[in-house]
Amino acid sequence: MFDSFTSRVSDIFEKLRRNGVLKESDVDEALRGIRIALLEADVSLEVAKKFVAEVKEKAIGQNVIRSISPSQAITKIVHDRLVELLGKSNQMELSGKPRKIMMVGLQGAGKTTTAGKLAKFFSKKNKKVVIASTDIYRPAAIRQLQVLSDKINGSIFAPSCENVDEICRSALGTFKRENADALILDTAGRLHIDEVKMHELQQINGIIEADEIILVVDIMTGQDALNIARRFSEALPISGVILTRVDGDARGGVALSMRVVTGCEIKFLCTGEQLDDMEFFDAERIVGRLLGMGDVVSLVEKAQENFSREEEEEAAKKMQAGIFTFDDFAAQLEKMSKLGGLKTILKMLPQSQQLENLMEINGVSDKTVAKNLAIIRSMTRKEKRNHKLLNGSRKKRIAAGAGSTVQEVNKLVKQYEGALDMFKKIKKNGIMKMASIMGKQR
Ligand SMILES: Nc1nc2c(ncn2[C@@H]2O[C@H](COP(=O)(O)OP(=O)(O)OP(=O)(O)O)[C@@H](O)[C@H]2O)c(=O)[nH]1
Ligand SMILES: [Mg+2]
């Protein structure tokens, strides 16, 4: 959602880095660029102006121009201000007393789906959740939630009827009787914000006395999302916002302005229609991604979910021994596809935009990964262990076996040699030193 912002801002920082010693006019120019990037990302003018003014004030106060590494100093100021802008969110834990959560929002924002996602999120932590729906207006709305509830372990769907007040009372009854950790109450959406709707929501809140009122907003509504949030928070004590359809191509400015304009915390981002498509809103991580600093934390978490400790230990042992065969190379390629393919990984890595562009130019894609795996599979065991054996006729045989060409085999061998070279350097210098060398190149 922040792609164009990221590429613009990384260009600006890149230029600053190249300049080395900065003049005040360089900083001004960079800030102008950042302001344009913010506006293009759909951040409101008021927020963008304020942001740039504050960064400038900090930059002058900290004497950025005379600091040892001015471009890094200014990157840090922009980073910290963006984190502040997005705001730290209190995570929705259920460690204390049972919580009653009410979902509100416009029609089609994703309330029902998100109610299911929240229930699943809690159920994964072994919490008992009661789900109920007061959407008596749209036929099949209650059934929609019940179907979701049936998919979630340990969730209980409270019985429904034709009357909103009664549904609330019966849901409360089930919640207490079952001694549940949470009650998630879905409500009906309306096309527009109107008095009738707000009144009904206030009435529901009067009965259930919600601990959290979660506003679900579709990020695709752009600047309107802010007006919606403002109107809802005038009528109800909104405790948090969940943004949906973050998987679409909406610009991310809404997320940037939400806290400042409405004072509402963003709790989660929803990234798809499935029950697991929801992630914590973590300002530090998002800003890291935004500034092209990469989301290494997410990548590490993903890797931990996918690979066993033994696999990692074995890889580390081999690395220390300096062994890196085509089989190891294939294992790495396979790991990459397990992690969700190149694009997913790239998005989380530093300078991903540039890398992605570079890879597009060089024609590297998930398809070539599959092709490379096929090539490695048609090698003999000996060849896999000693790439120097690969002469013309062997390459021809391998290419035929993999349904590929000799040029492609050559390309792969080159890549392998590059990786091998990297490996030797790591062995010589140690991984930490390599990481620090690579870090300095950024
Ligand atoms: N791509 C994508 N689709 C989503 C997301 N969240 C919800 N949807 C889809 O959006 C549509 C509407 O979602 P609902 O959960 O029914 O929305 P609602 O707010 O309950 O709608 P009403 O009850 O009619 O007010 C469904 O088709 C969902 O699958 C998301 O994060 N990404
Ligand atoms: Mg609904």
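These are my notebook entries on one predicted protein model.

**Entry 1: overall picture**

I started with confidence. The protein chain averages a pLDDT of 81, and 78% of the residues score at least 70. I then went to residues 431-442, where the pLDDT is below 50. Beyond near neighbours in sequence, this stretch has 11 contacts in the model.

Next came secondary structure. I found 21 helices and 8 strands in the protein chain. Of its 442 residues, 46% count as buried. I also looked up contact range. Among contacts in the chain with a separation of 6 or more, 73% are between residues 24 or more positions apart.

**Entry 2: nonpolar cores**

Which residues have the most contacts inside the largest nonpolar core? I noted F51, V104, F232 and L243, in a core of 75 residues. Helix α4 gives the largest share of this core, 7 residues. The core draws at least three residues from domain 1 (3-86) and at least three from domain 2 (99-289).

I took F232 for a closer look. I left aside its neighbours within four places in sequence. F232 is then in contact with V104, G105, L106, I193, K197, M198, L201, L215 and I238.

As background, nonpolar side chains tend to be buried together in soluble globular proteins.

**Entry 3: α4 against α10**

I returned to α4 for its packing. How far apart are the axes of α4 and α10? The axes of α4 (residues 70-86) and α10 (residues 253-262) are 7 Å apart, and the helices pack at an angle of about 65°. From α4, the residues in the contact are L82, L85 and L86. They meet A255, L256, R259 and V260 in α10. By class, I read 6 nonpolar residues, no polar ones and 1 charged.

**Entry 4: positive phi**

I looked for residues other than glycine with positive phi. Most residues other than glycine have a negative phi.

N126 has a phi near 60°. N126 sits in the loop between α5 (111-124) and β2 (129-133). Is N126 buried or exposed? N126 counts as exposed because its relative accessible area is 71%, over the 50% cut-off.

R245 has a phi near 55°. Its place is the loop between β6 (240-244) and α10. R245 is partly exposed, with a relative accessible area of 38%.

D328 lies in α14 (residues 326-338). Its relative accessible area is 12%, under the 20% cut-off, so D328 counts as buried. Leaving aside neighbours within four places in sequence, I found D328 in contact with K318 and I323.

Where does N372 lie? N372 is in helix α17 (residues 366-377). N372 is buried, with a relative accessible area of 10%. With neighbours within four places left aside, its contacts are L333, L412 and Q415.

Key: Residues numbered from 1 in each chain as written. Chains lettered and ligands numbered in written order. Predicted model: local features only at pLDDT ≥ 70, side-chain atom pairs only at ≥ 80, totals over all residues. Heavy atoms only, no water. Axes fitted to C-alpha atoms, helices over the stretch in contact; angles between N-to-C directions. Helix = DSSP H or I, 4+ residues; strand = E, 2+ residues; numbered from the N terminus. Contact = heavy atoms within 4.5 Å. Nonpolar A, V, L, I, M, F, W, Y, C, P; charged D, E, K, R; others polar. Core = buried A, V, L, I, M, F, W, Y, C linked by side-chain atoms within 4.5 Å. Buried < 20%, exposed > 50% of the residue type's maximum accessible area, 1.4 Å probe, protein only. Domains from an automatic or database assignment. pLDDT = per-residue confidence, 0-100.
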